[in-house]
Amino acid sequence: MEISELIEKLALIVALFGVTLGIAAYATYFERKVAAWFQDRIGPDRAGPFGILQPLADGGKLFFKEDFIPANAEKWLFIMGPGIAMFTALMTGSVIPWSTDLELFGQTVALQVADINIGILFIMGFLSIGVYGIMIGGWASNNKFSLFGAIRASSQMISYELAMGICVITIVMMSGSLSLRDIVNTQHGMNWNVFYQPLAFVIFFICSLAETNRAPFDLAECESELIGGYHTEYGSMKMGFYLFAEYVSLFTSSAVISVLFFGGFNFPGMDNFDGNTLAILGVVAMFTKTFFFIFVFMWIRWTIPRFRFDQLMHLGWKSLIPISIINMLITGLVIAFNEGWFK
Amino acid sequence: MSLETITTILGGLTIGAALMVVISRHPVRSVLYLVLTFFLISSNYILMNAQFLAVVNIIVYAGAIMVLFLFVLMLLNLDKDSEPKTHVLVKIASVVAGGILFTVLIAALKDGIALGEAAAPSAQNNEGLVQNLGQLLFSKYVLPFEVSSVLFIASMVGAVLLAKREKQVID
């Protein structure tokens with residue numbers, strides 16, 4: 001690997017890191033604004049114009065609070081928990097293609113940190129490891145409410161991962177590749193997967209709600225039953241990490257939804273552009289879709305009440321998984337028919 | 001840094017993590033070290049250019065099976081105090097038995113190394129990439145592949161049957 005390539009990748013990683021954290025910080029602000037809007041309130045408006053400095057104020061507050069570790073907690077695991085949650089949430093962004101290639105200083109820069117040929121499996125892998133952050137944190141706190149929250153969160157994530165994986169298989173069957181860039185390239189222009197796979201999209205969307213532990217699937221931290229769920233004992237920036245990791249994964253799962261079903265950086269009429277213009281417009285298209293899904297996530301959170309736990313398990317195992325399996329079988333049959341297997 | 005040094009360091013780390021699984025006193029820590037071991041094994045796979053196997057190893061073992069292990073151990077709430085006390089003679093006997101097993105394994109592996117070197121994977125080995133792996137699974141190894149899927153179905157049906165035997169009412 002040449003030095004220039006190394007610098008290019010490093011710059012991309014730093015930029016992605018900054019953008020992800022910035023968006024996650026401002027997602028907390030927009031969450032409050034959206035909630036206020038839905039409940040006919042004003043929302044945060046004290047820090048700066050329109051309350052735009054609110055995330056900074058929150059971050060500062062979290063840093064200056066006492067960093068407390070309970071006496072009977074497993075110290076190292078207690079510290080590791082939020083770290084793992086944050087790490088896994090941030091890692092998934094690295095395989096997402098943000099746009100077509102950019103020409104900079106006479107070099108072609110791919111706007112993607114790593115184009116690996118197992119891209120979507122990489123994301124699934126890190127999703128499934130994300131459970132450990134919650135489980136370790138919840139167990140190490142040595143508090144029964146934390147443990148309950150952790151167990152609920154992990155059983156929910158494992159159950160919904162299955163239906164999610166089957167929806168991903170359907171998309172992979174349609175595009176014939178596990179690489180996210182190839183999946184995006186097959187949806188050129190307006191040829192988006194959502195028009196062919198609306199059912200898979202709905203199931204995938206429900207599952208990503210469950211995977212990010214957001215309402216109506218936020219049973220892991222439901223305050224009326226479990227006080228605060230797995231982060232009951234956490235304070236200061238450790239709790240900040242858990243909350244922040246949730247917003248980071250909100251951002252990355254919105255990005256993954258737009259890549260898999262809404263064509264990523266493709267937009268109608270993209271053939272009229274080329275070179276850097278196309279790349280920049282692609283970034284704009286990609287981020288518009290992502291922000292739209294972030295908004296939909298918030299919309300759902302402030303509209304739909306929380307599930308009961310047995311309803312959650314019923315929905316996951318007895319409806320979503322069978323429906324997605326049937327959807328996958330039908331897709332397979334149609335693909336086989338189109339390739340002329342039945343002639 | 002050459003590939004060989006990286007392989008050596010990774011191998012050392014893998015063995016270290018695997019040892020910690022056995023050495024740690026607390027069962028939950030053991031499971032966490034086991035998860036770490038799976039990660040390191042996956043990185044070894046990546047060095048062998050078997051990316052698909054690496055990521056599937058993480059999804060299936062680290063992401064699903066180990067979480068269930070952790071689940072059970074966390075609910076059992078095992079402590080050092082509740083550990084059963086074993087007699088000294090039993091300890092000596094287990095050390096002897098373990099040592100013998102270790103010797104047998106080393107002896108078996110010694111032949112294995114010679115065999116492995118004969119069929120050593122070259123740097124140009126691309127069988128682990130998804131496409132080639134898929135081609136192999138559905139042509140050369142199609143019978144074992146299908147037989148193992150039948151095995152999975154059988155075990156799934158068995159698990160469902162076991163779970164259904166006791167009628168539970170959840171309201």
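**Exercise 1.** Work out whether A:Asp40 is buried or exposed.

*Solution.* Start with the count: A:Asp40 has 6 other C-beta atoms within 10 Å. Now the cut-offs: buried takes 20 or more other C-beta atoms within 10 Å of the residue's own, exposed takes 12 or fewer, and partly exposed is in between, with C-beta atoms placed from the backbone. So A:Asp40 is exposed. Next, find its place: the loop between helix H1 (3-38) and helix H2 (54-64) of chain A. Helices here are DSSP runs (H or I, at least four residues), numbered from the N terminus. Last, look at the backbone: phi of A:Asp40 is near 60°, a positive value in a residue other than glycine. Most residues other than glycine have a negative phi.

A note on the model: it is predicted, so local features need pLDDT of at least 70 and side-chain atom pairs count only at pLDDT 80 or more, while totals for chains, interfaces and linings use all residues. Residues are numbered from 1 along each chain as its sequence is written, and chains are lettered from A in the order in which they are written.

**Exercise 2.** Describe the side of chain A that touches chain B.

*Solution.* Count contacts (C-beta atoms, placed from the backbone, within 7 Å): 18 residues of chain A meet 16 of chain B. Then the elements: helix H4 (119-140) and helix H5 (144-175) of chain A each give two or more residues, and H4(A) gives the most, with nine.

Definitions and conventions
Contact = placed C-beta atoms within 7 Å.
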